[in-house]
Amino acid sequence: MNPLTDVNWPPVAAAQGTHQQSLAFLHRHLPKVGAKVLDLPCGAGAFASAATQLGFDVQTMDIHPNEPYFADPAKRIIGDANQPLPFPDGHFHAVCSIEGIEHLENPTQFVRELFRVLSPGGYCVLSTPNVDSYRSRHNTLWRGYHRYFRPESDTEKDSGHMHPIDLYFMMGAMKKAGFEMLDLGVNSMEGRAGPSIWREFVRKHLSSLYPPRLREKVPFYGDVLIYVMRKPAA
């Protein structure tokens, strides 16, 4: 099995295509066998298991001891990412956070912590629901909330989500932490998540409203947005 192309992911994994695209980014930027990688939050360990098959040394962390668990439980730490991460400065060559930042109370502080535990020149692959997409904006217009952020009570949102993380926020959080952005992608642009004549018309209009340096980066398609960042070398 090739983890970069296999489509038979466990049903507990993230949205379709998210793990494969994130793995491809990681493999592209960090081809070093044995590199130390942090997977946070790790969920049921599907991403960590695939990354291990590619030769990475993967440490995992999550607030819940999810079962069944598909990765090595001996390398899993149960902890709260709302708190300072229990790792020393510069400990990892890469950190991967698959759809976790939107669950946290202080997402900006989380980005700073990811920066801290990375070694100089290390990479961060981070995904989050794409609230800048046509589908999410359409959902907000007609239903009053972004996709994947449906209110389930007067205090809770869908799947424990808290903060819709848009492109403006991430650009600011990256700058404050010290990251430089290398790449930007989405999980999939198939079907209703992809382009159409009408969506392209709307995209061109809405993109013109962004600051000039962001106009070509607006992630208008795809349900999950994937950022690739780097900590500058010392």
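Helix α1 (residues 18-29) and helix α2 (residues 46-53) have axes that come within 11 Å and cross at roughly 40°. Here, axes are lines fitted to C-alpha atoms, for helices over the stretch in contact, with angles from 0 to 180 degrees between N-to-C directions. Helices (H or I, at least four residues) and strands (E, at least two) are DSSP runs, numbered from the N terminus. This is a predicted model, in which local features need pLDDT of at least 70 and side-chain atom pairs count only at pLDDT 80 or more, while totals for chains, interfaces and linings use all residues. Residues are numbered from 1 along each chain as its sequence is written, and side-chain values use heavy atoms, leaving out hydrogens and water.

| Helix pair | Axes come within | Crossing angle |
|---|---|---|
| α1 and α2 | 11 Å | roughly 40° |
| α3 (residues 107-117) and α5 (residues 167-177) | 9 Å | roughly 45° |

The crossing of α1 and α2 is right-handed; a crossing is right-handed if the near helix is turned clockwise from the far one by less than a right angle, and left-handed if anticlockwise. On the α1 side, the contact (heavy atoms within 4.5 Å) is made by H19, S22, L23 and L26, and on the α2 side by A46, F47, A50 and A51. This contact has six nonpolar, two polar and no charged residues. In this scheme Ala, Val, Leu, Ile, Met, Phe, Trp, Tyr, Cys and Pro are nonpolar, Asp, Glu, Lys and Arg are charged, and the others, Gly among them, are polar.

How do α3 and α5 compare? They are therefore oblique to each other, a word for angles that are not under 35 degrees (roughly parallel), over 145 (roughly antiparallel) or 65 to 115 (roughly perpendicular). Their crossing is right-handed. P107, T108, V111, R112 and F115 of α3 meet F169, A173, M174, K176 and A177 of α5, giving seven nonpolar, one polar and two charged residues.

Now for the largest pocket, which holds about 800 Å³ of space. A pocket is an open set of points on a 1 Å grid where a 1.4 Å probe fits, with protein on both sides within 12 Å along at least five of seven lines; lining residues have an atom within 4 Å of a point. The lining has 36 residues, with P41, D62, I98, E99 and H103 nearest the centre.

P41 sits in the loop between β1 (36-39) and α2, and the peptide bond from L40 to P41 is cis. E99, in the loop between β4 (92-98) and α3, has a positive phi of about 50° although it is not a glycine.

Conventions. Grid points are joined across faces, edges and corners, and a volume is the space filled by probe spheres set on the points.
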